[in-house]
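Okay, I think that's everyone.

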Amino acid sequence: MLETYPASILRDRSSKCGQGFEMHLYILIRYGKVFKTHLFLSPTVVSCDQELNYFILQNEDKLFQCSYPKPIHGILGEVSMLVAVGDTHRRLRNVALSLVATLKSKPEFLGDIERIAVRILDSWKGRQQVMFCAEARKFTFNVIVKQVLGLTPDEPQTTKILEDFLTFMKGLISLPLNVPGTPYARAVKARRRISSTVKAIIEERRRSRRRSSDGGGKYPNKRRSGTNGHDFLEILLGVESLSEDEKVSFVLDSLLGGYETTSVLMAMLVHFLGQSPAALAQLKLEHRTIRSMKGEDELLNWEDYKKMDFTQNVITEALRYGNVVKFVHRKALKDIKFRDGELKMVINPLHILMWNFKKDWY
């Protein structure tokens, strides 16, 4: 029999402890690895149990299905790849993988990322203190917006999208009250504004294409010269199997999927390397060796990154020990018995929030 606890424990502890290790430990010690509560107005089982989580993931589309509570659909949109299931999700996922593979194959991909990284590092000169997690988020956002929409950090549209996106993020995991002034209601409106901005960019890009086909030259808008031909949006516009709303949702999903996870991983890397001087020294040596083989202003390429074996080990270890994706939602498709009846889920459909908890932490 599972114990039942109010959802406020998750909200209260997250505000006091942040989204780090302390909240996980607090929940584990006080409420156990598995307990029942209500989240987003839905009866939910919260699982911090690795064995149960593994069982759920191993039975994807058999006993369980990816499912987010209805209020989250209201923010993400019904055509978002993050809430789609079954054949629709597989179709959108295949398109996404194809788009990303095409984009990464472009020679400009790594160069754009390196230039943004250098720009961020240059901005630290003369500063006595740097809040790294905030800087990592800035870097991640600038990279995504550049690669997806072809926008630079200095453009007004970039600032507008960032403001709306931060509002969107604050309301994504909040009390689902669509009442004016609440974080949830502000997030829904911010999502609409982002969609309008993206649609305007798409329409501008189509006009540029038409002018090009009419003999006006390739991408006459000089402000983005050399960008439109290889960014994610340009490739996305050529996918005829996607509706207009799906294309807009793809852009928002790209921001949502990469913004928090990538910046958190970068912050974890810095945190763990700060605790391991030997690993930091070896990482520096690897980077300096590769850099010494390049010209002064020569950018790194894929061959250089393939030589970074120790760097890849550091990233893999940070992912293993850290916690980039803190939780995921699944829905039980039928009554489930687990561990010979010790755990029986009798609510159907039942939402399950699997909390990513590492055994090394306790």
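For pairing I take rings of Phe, Tyr and Trp (its six-membered ring) whose centres lie within 6.5 Å; planes under 30 degrees apart are called stacked, over 60 edge-to-face, and the rest tilted. Keep in mind that this is a predicted model, where local features need pLDDT of at least 70, side-chain atom pairs count only at pLDDT 80 or more, and totals for chains, interfaces and linings use all residues. Residues are numbered from 1 along each chain as its sequence is written, and side-chain values use heavy atoms, with hydrogens and water left out.

Staying with the rings: the whole structure gives 9 aromatic pairs. Take F55 and F64, which count as edge-to-face because their planes sit at 85°, with the centres 6.0 Å apart. Are these two buried or exposed? Buried, for me, is under 20% relative accessible area, exposed is over 50%, and partly exposed is in between, with a 1.4 Å probe and protein chains only. So F64, at 0%, is buried, while F55, at 21%, is partly exposed.

Another edge-to-face pair is F272 with Y321, at 5.5 Å centre to centre and 70° between the planes. That one links distant parts of the chain: F272 belongs to helix α11 (residues 244-274), Y321 belongs to helix α14 (residues 309-321), and they are 49 residues apart. F272 has a relative accessible area of 18%, so it is buried; Y321 comes out at 28%, so partly exposed.

Let me step back to the whole chain for a second. We've got 14 helices and 7 strands, taken as DSSP runs numbered from the N terminus (helices are H or I with at least four residues, strands are E with at least two). There are 362 residues, and 44% of them count as buried. If you look at contacts with a separation of 6 or more, 67% are between residues 24 or more positions apart; a contact here means heavy atoms within 4.5 Å. The accessible surface is about 19,600 Å², and carbon and sulfur atoms hold 56% of that. Those areas are Shrake-Rupley with a 1.4 Å probe, and for residues only the protein chains shown count as cover.

Now the strands. β1 (residues 34-39) and β2 run antiparallel, paired over 6 bridges; DSSP has to find at least two bridges before I call two strands paired. As for β2 (residues 42-47), 5 of its 6 residues are buried, so call it mostly covered.

On to charges. The search turns up 18 salt bridges, where a side-chain nitrogen of Lys or Arg is within 4 Å of a carboxyl oxygen of Asp or Glu. D154 and R119 make one of them, at 2.6 Å, N to O. D154 is in the loop between α7 (132-149) and α8, and R119 is in helix α6 (residues 108-122), so this bridge ties together parts that are 35 residues apart in sequence. D154 is exposed at 56%, whereas R119, at 44%, is partly exposed.

R90 and D61 also meet in a salt bridge, at 3.9 Å, N to O. R90 sits in helix α5 (residues 86-104), and D61 is 29 residues away in the loop between α3 (50-58) and β3 (64-66).

For a local example, go to helix α14, where R320 and E317 are 3 residues apart, about one turn of the helix. Their closest N and O atoms are 2.8 Å apart in a salt bridge. Both ends are partly exposed: R320 at 43% and E317 at 40%. Salt bridges with shared partners also join D61, D87 and R90 into one network.

Last stop, the surface. L175, L177 and V179 make a nonpolar patch with about 270 Å² of accessible area together. Patch residues need over 30% relative accessible area and no salt bridge; like charges are joined within 9 Å, and nonpolar side chains (Val, Leu, Ile, Met, Phe, Trp, Tyr) within 5 Å. L175 lies in the loop between α8 (156-172) and α9 (183-216), and its relative accessible area of 53% makes it exposed.
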